[in-house]
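Q: Please take a close look at one part of this structure, the pairing of aromatic rings, and explain it for someone new to it.

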Amino acid sequence: MKALTCVAVLALGGTVLAQPAPPQKPFPLGVSPVLYELSVPPERRPTAAQITLGEKLFNDKRLSADDSVSCATCHDPKRAFTDGLPRSEGIKKQRGQRNSPTVLNALFNATQFWDGRAGTLEEQALLPIINPIEMGMPGVEAVVAKVKGLPEYPPEFQKVFGREPTAEDLATAIAAFERTQFSGNARFDRFLAGDSKALSAAEKRGWALFNGKARCNSCHAGNAVSPLFSDQKFHNIGIAAHQHDFTKLAAEALRVVRTGDARQIDELAIQTNLSEMGRFLVTKNENDIGSFKTPTLRNVGVTGPYMHDGSLATLWDVMDHYNKGGIPNPFLDGGMQRLGLTEPEIDDVVAFLFALTSEDLAALEKKELASQRARKNKRPERDTAVALGKKGNLGDIGVSPDLSISNPADRGFYGPVGPSSEK
């Protein structure tokens, strides 16, 4: 997760800078250099100077209206670049409508934010700064003026970009720092690289269920060139259906949303009940009502609470939600159906999900696992009767492989694991 120094020569905004080269340090196990090449075009590969400036800006509370909130407030490196809160807290202790997603591996995201309203890290970087209840600056011009007024920044921007601070360069610097935040080298990665003892028996069973009966891989598949365990798509999984009338909200959204107005959409998403429209705010497509981006499962054990609104406290709650097929609503994704998982099977899937925690977050993993286990008997989303098909009509359960014949966990993405993989 440590910053990777990149060096290069590129023209950006008319200024000639040192050219980024490939990262000097190796990518962590499980993060694909191929995907890096596809995700980060040459003109966006950060220089060492951009990274240093971006990290300083990322941690500087003076970028907020009252000097109380920085990017790191909601994306704390010590908490895997999240804040541990159901919904993020901005200036004056104001709470938004959305949970703070991790910055780790965000450079690989096809879009940013839960609803994909930003296409790049640069576009994403400025919106929280000017959101009234996040960092609260009145506009981009005010941000630039404030940065110009802080004595250390004009010389640093001049050194890095060859000019005084601009909004474009501020966003470039923050995005440069975020592009160095890789995460890999989890127990799962070591297992797939050939360490047969990296996963416990429960974690191996969980991996088999992940690809079988639990159907997690329908949206969270992982492979050699995709480290995120995300399909990068948007789905309505029924999280907010029990709290809001989607049809009524959609009608209101159609009336007020100005397509292409990034700042208005950002404020509606963070400040109002229209947040529950999800991707629909961006596209105005009926099929996107209540749909949110499939999040990464990397470090999922330490990045709770879960879902776009932080409404699920533990991974057991998450599994209970999926096990019953979500909460029915007119726009529920067609892939949602009951899973029929038993309690031991749920335990095994949760065990596997914790195995996706990177090695440098092991201490946080231990703490979070203990915290979630302590809440295991508080299961507000649990509905065993529906999950097992004793009531309701949410389809047949999936099929799992016969582990006595072959366990898919014995076949790795990163190379063979030895003779046992052929048994």
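A: A residue is called buried when its relative accessible area is under 20%, exposed when that area is over 50%, and partly exposed in between, using a 1.4 Å probe and protein chains only. This is a predicted model, in which local features need pLDDT of at least 70 and side-chain atom pairs count only at pLDDT 80 or more, while totals for chains, interfaces and linings use all residues. Residues are numbered from 1 along each chain as its sequence is written, and side-chain values use heavy atoms, with hydrogens and water left out.

Rings of Phe, Tyr and Trp (its six-membered ring) pair if their centres lie within 6.5 Å; planes under 30 degrees apart count as stacked, over 60 as edge-to-face and the rest as tilted. By this rule there are 16 aromatic pairs. One of them joins Phe188 and Trp207, edge-to-face, with 4.9 Å from centre to centre and 70° between the planes. Phe188 belongs to helix H8 (residues 187-192) and Trp207 to helix H9 (residues 201-210), so the pair ties together parts that are 19 residues apart in sequence. Helices here are DSSP runs (H or I, at least four residues), as strands are (E, at least two), numbered from the N terminus.

Both partners are covered: Phe188 is buried at a relative accessible area of 0%, and Trp207 is buried at 3%. Ring pairs also link Phe188 and Trp207 with Phe210, Phe229 and Phe352 in a cluster. As for the whole chain, buried residues make up 54% of its 423 residues, and it holds 17 helices and four strands.
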